Amino acid sequence: MEPIKPILFPKLEKVICTFDFENILTDRKSVLQLLIDHIQTKVNNQQEVRLNFICTHNSRRSHLSQVWAQTAAAHFKIQNVDCYSGGTEATALFQMVTKTLEKSGFEVKKIADGNNPIYAIKYGKNEHPIIGFSKTYDADFNPISEFAAIMTCSQADGDCPFIAGAEKRIPITYEDPKAFDQTPQQAEKYEERSLQIATELFYVFSRIKS
């Protein structure tokens, strides 16, 4: 039975329509091919696809990657994909990330306060929310085995030469928008990084044959 494409929020659909895969450089596509190959192998073998996006503090890039990857899998009707995120330490999901996602058309609702708030992030009214909060990559909320560790920052990639339980380790690193915190360019740079991550991960899932 052909999987049904979810109905995404209209604003989010408009943003997705702007993604231009031709702007992804050849060298970068070579890096992304490692993830494409991993996902395609799992799909071919009718296995669960578990992707854990890992950064140092699990506060910015890893969350953006998790949210956009889960959305891309749904958009391209790739089934049995579960995306996670974690850090080498837990801090908090930076609020500028949630604002950036809202600007792209996601619905973000805070469901728990505190030093490490918890957010429900939805890409469609009838879709299961992505739960966003900071945690270590090996926290109980994340898988303990049979997952690919996607290293989204060079520091975490260098600090963690071994990720317990990961069957595949794939470095796909991004520049940290944190460098622009408390500057007039902050919102612009967070959106720029978010859309780069989104475009690349949508490219990845566009290449998967189900």
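Which residue of β2 is the bridge partner of F53? The partner in β2 is S85; the points below set this pair in its context.

1. Basis of the note. The model is predicted, so local features need pLDDT of at least 70, side-chain atom pairs count only at pLDDT 80 or more, and totals for chains, interfaces and linings use all residues. Residues are numbered from 1 along each chain as its sequence is written, and side-chain values use heavy atoms, with hydrogens and water left out.

2. Strands β1 and β2. Helices (H or I, at least four residues) and strands (E, at least two) are DSSP runs, numbered from the N terminus. Strand β1 (residues 49-55) runs parallel to β2 (residues 81-87), and 7 bridges join them. Of the 7 residues of β1, 6 are buried (under 20% relative accessible area, with exposed over 50% and partly exposed in between; 1.4 Å probe, protein chains only).

3. The sheet. An open sheet of 4 strands has the order β2-β1-β6-β7, with parallel pairing; two strands pair if DSSP finds at least two bridges between them. β2 and β7 (166-171) each have a single partner strand, so one side of each is left without a neighbour in the sheet. On average, neighbouring strands of this sheet are turned by 25° against each other, direction ignored. Strand β6 (residues 147-151) is joined to β7 by 5 bridges, and F147 has A166 of β7 as its bridge partner.

4. Helix α3. This helix lies across β1 and β2 and runs at about 180° to β2. Axes are lines fitted to C-alpha atoms, for helices over the stretch in contact, and angles run from 0 to 180 degrees between N-to-C directions.

5. Helix α4. M96, V97, T98, T100 and L101 of α4 are buried. The buried residues of α4 pack against α3 (61-75), β3 (107-112), β4 (118-122) and α6. After α4 comes G105, with a positive phi near 115°.

6. Crossing of α4 and α6. The axes of α4 (residues 95-103) and α6 (residues 186-206) come within 10 Å and cross at roughly 65°. The two helices are therefore roughly perpendicular to each other (65 to 115 degrees). M96, V97, T100 and K103 of α4 make the contact with Q186, A187, Y190, E191 and S194 of α6, contact meaning heavy atoms within 4.5 Å.

7. Residue K189. K189 is placed in helix α6 and counts as buried because its relative accessibility is 18%. Leaving aside neighbours within four places in sequence, K189 is in contact with P177 and F180.

Note on methods. Parallel < 35°, antiparallel > 145°, perpendicular 65-115°, else oblique.
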